[in-house]
Amino acid sequence: MIADETKKTSGFLRVFKIGGNVVDNPEALDRFLRDFTKIEGPKALVHGGGKEATRLSAALGIETTMIEGRRVTTRETLDVVTMVYAGLINKRVVAKLQALGCDAIGLTGADGNCIRASRRPAKPIDYGFVGDIDPKDIDSGFIMKLIESGRVPVFCAITHDGGGTLLNCNADSVASAVAMAMSREMPTDLIFCFEKEGVLENVDDPDSLVEHIDPAVYASLRKRGAVNAGMIPKIDNAFKAIDNGVGSVTIKHSDNILNERGTKISR
């Protein structure tokens, strides 16, 4: 059934990002997607999927190089991540959502020229075909038209430079940039979903959840070494999003999107 193209949205938009550990776990992914379909109102989804790309690279005899947790994207690696992120994972997620009655549409940044990125400078570290996104280079109007038509955008982390070259981007950064851009169109919240309860004082203790983080709490957590290296860029992205128009940012377990449990980031 074709959605009513004249449908208008109301309320606010929720942009969800699901981490690679959720994407790589079929049961966790299915649980998340079932809950995701139950959320009413405008919504969008951004996904990662690095482990699948690493497995395919190994099967093809292509070496994977990581620097500070980020993938070095050679020309060969770009082919692999495009096949995995934009193809296998994106279409798998879209197909599952369609089966659940959610009219999802899978997108790279090149589709509709919706997300344009700039290749990251080669110095001080050459990450290869990796892109950085300025929210001003996101076509929020195009995304809004999809949402107004009743469709749910599902973004992978592949973008383009506008000159014919695809670029691999960090999925957290894609989600933050999309949320910031869409805040120009309507009130927007950002939710990072992964395999932990949220930001934890002790990463091995799910009961050590930090329910609220503002700059003072964040500084204290970092001074005590209570946030690990992988969480720091996520929180930094959260503050950046709030400073650029996003209403709220929450970090939570992918099983908890229908309840309030998680870490709320605010100024």
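Which helix holds Lys38? In this predicted model, Lys38 has its place in helix H2, which covers residues 26-38. Lys38 counts as exposed because its relative accessibility is 55%, and the cut-off for exposed is over 50%. Leaving aside residues up to four places away in sequence, Lys38 touches Lys43 and Leu258. Val23 is 15 residues from Lys38 in sequence, and their C-alpha atoms are 19 Å apart in space.

The largest pocket holds about 1,300 Å³ of space. Its lining has 42 residues, and those closest to the centre are Gly69, Arg70, Asn170, Ala171 and Asp172. Several elements give two or more residues to this lining, among them helix H1 (20-23), helix H3 (50-59), strand S7 (131-138) and helix H8 (231-243). The largest share comes from H6, with six residues.

For the second largest pocket, the volume is about 350 Å³. Here 18 residues form the lining, with Ile191, Thr250, Lys252, Asn259 and Glu260 nearest the centre. The elements that give two or more residues to it are strands S1 (13-18), S11 (188-194), S13 (248-253) and S14 (263-265).

Key: Residues are numbered from 1 along each chain as its sequence is written. This is a predicted model: local features need pLDDT of at least 70, side-chain atom pairs count only at pLDDT 80 or more; totals for chains, interfaces and linings use all residues. Side-chain values use heavy atoms; hydrogens and water are left out. Helices (H or I, at least four residues) and strands (E, at least two) are DSSP runs, numbered from the N terminus. Buried means under 20% relative accessible area, exposed over 50%, partly exposed in between (1.4 Å probe, protein chains only). Contact means heavy atoms within 4.5 Å. On a 1 Å grid over the protein atoms alone, a cavity is a set of points where a 1.4 Å probe fits but cannot get out, and a pocket is an open set with protein on both sides within 12 Å along at least five of seven lines; lining residues have an atom within 4 Å of a point. Grid points are joined across faces, edges and corners, and a volume is the space filled by probe spheres set on the points.
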